[in-house]
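Hi,

Here is the structure I promised to pass on. Could you have a look, and then read my notes below?

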Amino acid sequence: MIDIHCRILPGIDDGPKTMEQSLAIARSLAAQGYRHVIATPHAMDGIYNADPVNVYAKTTEVNQVLRHAEINLTVYPGAEYPLGPELLDMDLVTLNKSRYLLVELPFNQPIPPYATDIFFQLQARGLVPILAHPERCGGILESPLLVREYAELGVLMQANVASFYGRYGSRAKKLVDTWAVRNLIHFLATDCHRPLKYNLAQLKQFYDDSWLDRLSSINPRSVINDYEFRPGPPAESKPRTSFSEALGALFTRRFR
């Protein structure tokens, strides 16, 4: 499996502080079946400003330590950028030096009025925006149809694994389940800041293997290899029983 959004580089942002903590994250990912990870530290967000030179150097260092520790995982360079006009004039760290750029919207502020225009301008420069965890964005929670609108403009969507387990609240959980069955999620990533604690095998009880394989292996492979990726159109079908609802029903039957 391939994780396209992960805080695994030490000492850059709010992810691991030490190499040993990075190794703990790596071991947890390898144990779940991940073999490739794109490091995506915060860049130019006003707090953690990962610069390209540091990202590339840390990525090389982590890979050397992983090989020495015999952990079957390869790390690639990347970054996560707040969506803003400044991106148009920056030396950007795309995902493994590909055409794909990971961006995020504000968590607790309205969606910037220029968001759609910036998406267009990034695309005009040959970049493909991937919107990180839209289910965590307050503006999206208030106007979830924006995800379909952005997807129809060619923006790709990445949801967090933890969202399916209720880590960010019931509204986010309901949204990712709805988007999943309507083909509005293109990548499933961990956004790990600490070792991954969720058992991905549990998702296979509620989503078929092909769904998990597509979002965690097939689609991310296009990013790693800089292939063109064209997702299918959003579906109009009624969402099936959500992961959270099915899990709740399971517990209800078990403890009734």
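Let me start with E1 and E2, which pair in the parallel sense over three bridges; strands (E, at least two residues) and helices (H or I, at least four) are DSSP runs numbered from the N terminus, and two strands count as paired if DSSP finds at least two bridges between them. Isoleucine 2 stands opposite histidine 36 in E2. These strands belong to an open, parallel sheet of three, in the order E1-E2-E3. E1 and strand E3 (74-76) are at its edges with a single partner strand each, so one side of each has no neighbour in the sheet. On average, neighbouring strands here are turned by 25 degrees against each other, direction ignored (axes are lines fitted to C-alpha atoms).

Before I go on, the caveats. This is a predicted model, numbered from 1 along each chain as its sequence is written, with local features needing pLDDT of at least 70 and side-chain atom pairs counting only at pLDDT 80 or more, while totals for chains, interfaces and linings use all residues. Side-chain values use heavy atoms, with hydrogens and water left out. The chain's mean pLDDT (the predictor's confidence in each residue, from 0 to 100) is 90, and 92% of its residues reach 70 or more. Where pLDDT is low, the predicted coordinates should not be read in detail.

Now helix H1 (residues 19-32): its 14 residues reach 20 Å from first C-alpha to last, close to the 20 Å expected at 1.5 Å a residue (1.5 Å times one less than the number of residues). Its buried residues (under 20% relative accessible area, with exposed over 50% and partly exposed in between, 1.4 Å probe, protein chains only) include Met19, Leu23 and Leu29. Their cover includes strand E1 (2-6), strand E2 (36-39) and helix H2 (52-68). Glycine 33 follows H1, with a positive phi near 110 degrees.

Which strand is largely enclosed by the rest of the structure? That is E5 (residues 100-104), because five of its five residues are buried. Tyr100, Leu102 and Glu104 point one way from E5, and Leu101 and Val103 the other. E5 pairs in the parallel sense with strand E4 (residues 80-82) over three bridges, and tyrosine 81 stands opposite valine 103. With strand E6 (residues 128-132) the pairing is also parallel, over four bridges, and leucine 102 has isoleucine 130 as its bridge partner there.

Cheers

Key:
Contact = heavy atoms within 4.5 Å. Axes fitted to C-alpha atoms, helices over the stretch in contact; angles between N-to-C directions.
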